[in-house]
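Please read the points below with the sequence and the 3D view side by side, and take them in order.

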Amino acid sequence: MSREELDNPMTVRAKPASLAIVNNNNGYHRDNEEEEGESKLEPNVGLEFDSAEEAQEFYNLYATKLGFRIRIGQLYRSRVDGSVISRRFVCSKEGFQTTSRTGCPAFIRVQKADSGKWVLANVKKEHNHEFETSGEICPSRIQRKNIPNPKSSVVVVSTRTGLRSIDEDGPGPSGIIDLKRFKRERIDVERIDVELQPRGSEPYKGLEFTSADEAYEFYNAYAANSGFKVRIGQLFRSKNDGSITSRRFVCSKEGHQHPSRVGCGTFMRIQRQDTGRWLVDRFQNEHNHELGMPADASGRVKGFKEEASSVLENMELVELNGGLSLVTRGRESRIGSDWYNELFEYFQARQAGDMGFFYAVEMHNGRALSVFWADARSRFSCTQFGDAVVFETTYRKEGSYSVPLASFIGINHHRQPVLLGCALIAEESEESFTWVFQAWLRAMSGRHPVSMVADQDRAIQHSIAQVFPGIHHRFSAWQIKATEQENIGALLSMNPEFKYEYETCIFQSQTANEFEAAWNVLVNKYNLRKNTWLMEMYRMRKSWVPLHIRGTFFAGIPMDGSLKSYFGTILTSQTPLSEFLIRYEKALEQRREEERKEDFNSFNLQAVLHTKDPIEDQCRRFYTITMFQVFQKELLECYSFVGIKINVEGAISRYLVQKSGSGDERNTVAFNASNLKVSCSCKMFEFEGVLCRHALKVFQIMNIRELPSRYILHRWTKDAKYGILRDVDSGGASQDHKALMLWSLREEAKNYIEAGTASLERYKLAFEIMQEGRRNLCWQN
């Protein structure tokens with residue numbers, strides 16, 4: 001058949017099953033019956049299809065007849081709801097990423113019409129290469145390598161992923177693993193046929209994407225085609241709201257942190273536009289190392305928004321006996337081998353001088369993975385302030401890092417962050433996080449926190465649920481903001497009305513019914529029922545919506561993410577090993593010195609009273625200065641509120657408390673006269689542990705002159721450093737309590753020695769007091 005003949009509309013007299021034909025109404029339909037007749041397979045502008053997949057199948061059949069293959073090209077999404085509105089299907093020789101490609105310009109583009117049909121909008125039929133012999137290319141809707149299923153190899157995957165065991169359902173046609181089902185379950189697996197990777201063309205300045213995740217997938221596909229791997233590099237945030245404004249994706253051999261890295265300068269940088277879309281503004285494509293074969297560039301595609309399923313995260317597709325199979329992969333550590341030696345020497349030195357120092361190492365097949373450690377001060381602090389914990393993984397915000405440092409942070413009685421333990425995370429898998437949480441629990445004598453602020457990744461969620469059953473896991477604010485920006489950022493920036501309604505629904509809802517009603521109005525009004533991110537966040541609303549957070553004690557940890565990193569700028573994810581331990585000790589000492597100063601101020605300075613209310617004086621005697629200021633603000637505010645009794649049921653009276661002259665701020669307070677218990681709908685006491693202005697107004701109405709002790713939490717008082725020991729029976733002590741007493745006395749002795757050695761006179765006084773104290777202890781039974 002000549003080229004001239006191929007350029008003319010084709011005539012198909014004996015059409016095989018499922019061959020596509022063009023009907024008389026300029027539409028496209030599939031006919032599964034054998035039929036005679038002439039059918040045109042020529043793509044023309046205006047041709048309609050029921051779906052984009054049908055258009056792909058049509059173009060694939062047309063390509064098969066002419067003698068070329070196709071690939072999936074770029075897609076375009078709606079700025080309103082993110083749905084796909086246009087697709088390109090190109091000749092397999094489009095681009096220049098491999099030697100087999102010639103930059104062929106042939107393609108078709110289909111556009112989604114308002115009717116739901118897909119209309120062929122653009123077509124280019126000219127090729128710049130020779131065709132293969134017609135008929136030798138086997139037509140297939142999606143071309144992939146077959147995956148044999150030998151009897152000796154059995155793939156069993158949990159039903160939680162939606163995948164079936166091969167033994168359950170049989171091998172399936174040609175043993176093919178349905179990768180579409182992987183994707184539907186939010187598991188990113190690299191496409192088997194590299195030639196069919198979507199968006200696999202070379203990047204260029206000005207290329208646009210609807211999200212950073214889409215840009216990463218594009219660059220990862222390009223890298224796989226070119227023979228190298230990528231890592232997530234630096235990110236940059238807005239100084240105004242902290243949202244991500246720019247991201248870099250780099251060659252896996254960028255930098256020199258690991259022996260395998262050679263300082264490669266290849267990268268792609270994307271910048272967020274005012275429209276919410278992401279634009280490639282810098283692209284460097286010069287490697288300083290040899291590239292691998294395109295087919296060898298394997299590895300899972302991992303996006304920002306979702307983690308691999310816990311079941312499949314330890315499995316990968318590998319080539320066995322000419323086919324592909326799912327096999328268990330070995331666990332790898334991102335911690336350099338030289339780090340372990342340095343850390344172990346430090347741990348052993350610390351243990352020699354600190355009997356309460358604890359450390360643990362995760363081992364797997366004789367190899368060290370994650371590492372956890374906590375000194376005596378951190379372990380003792382957990383008995384005081386381990387009720388609300390932040391699992392801080394600041395390194396994950398920065399994309400590119402050399403130190404995967406995670407910290408357990410509590411909030412002390414001065415509202416300062418206090419260290420409860422540290423870990424280096426070998427890999428971001430459920431196994432690693434579970435081990436770290438279990439190590440922390442062992443170090444803290446098995447004391448479970450009430451609540452924890454941590455990232456929302458599936459691996460972390462599962463680990464927390466496994467190690468701390470019943471705990472209230474609250475998602476990190478920075479991660480919510482980042483995913484929010486990626487998924488609905490364009491809508492928030494382009495539609496002020498939507499932004500107002502969205503924020504009102506999230507932050508102003510006072511009851512579950514209010515939230516449900518506002519949410520339903522929002523998703524229906526803006527046609528967001530099919531937005532998968534919003535639907536997933538709604539399912540997990542109890543882990544991030546303030547309405548559902550306020551009822552649990554979180555020690556007042558801000559919901560807006562304003563809590564600063566414990567180590568600040570002294571110790572970052574880029575700190576080299578040579579400086580890591582020095583900076584760690586410096587940051588630790590700086591934080592603990594700040595706590596000592598606040599302890600001194602609370603015992604030696606006195607806050608000024610602003611009222612004659614005896615409750616104010618009572619709280620000044622107990623609270624630290626910082627916490628008294630929090631309480632004093634609520635007390636002063638309560639004078640501008642009025643309370644109206646709205647209901648009485650036995651000993652319980654309910655009051656509507658609202659600000660004078662304004663009905664904007666109103667809450668319901670229930671007061672039990674029989675036991676002086678009070679509860680407010682604002683949930684401030686439940687969330688923060690300090691009575692709110694609304695409850696204090698009711699106490700004023702009821703002429704309560706002294707707060708019940710239950711409403712002055714010991715953790716907020718000057719004596720909080722005694723922790724749980726204050727309530728321990730003096731008749732005896734368990735081994736755990738003896739350790740706690742040892743840590744407590746050692747810490748107090750350290751402060752005593754520092755004060756006693758300031759001068760010779762102080763030393764003499766300190767020595768006399770110590771001798772007198774020892775004599776008094778000897779008289780005790």
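1. Helices (H or I, at least four residues) and strands (E, at least two) are DSSP runs, numbered from the N terminus, and two strands pair if DSSP finds at least two bridges between them. This is a predicted model, in which local features need pLDDT of at least 70 and side-chain atom pairs count only at pLDDT 80 or more, while totals for chains, interfaces and linings use all residues. Residues are numbered from 1 along each chain as its sequence is written, and side-chain values use heavy atoms, with hydrogens and water left out.

2. Strand β9 (230–237) pairs with β10 (residues 244–251) in the antiparallel sense over 6 bridges, and Ile 232 stands opposite Phe 249 in β10. Both strands belong to an open sheet of 5 strands with antiparallel pairing, in the order β8-β12-β11-β10-β9. The edge strands of this sheet are β8 (208–209) and β9, each of which pairs on one side only.

3. Helix α10 (residues 477–494) deserves a separate look. Because 14 of its 18 residues are buried (under 20% relative accessible area, with exposed meaning over 50% and partly exposed in between, for a 1.4 Å probe and protein chains only), α10 is largely enclosed by the rest of the structure.

4. Glu 637 is found in helix α17 (residues 625–637), and Glu 637 is partly exposed, with a relative accessible area of 26%. Which residue is 56 residues from Glu 637 in sequence and 6.1 Å away in space, C-alpha to C-alpha? That residue is Arg 693.

How values were computed: The bend at a residue is the angle between axes fitted to the seven residues ending there and the seven starting there.
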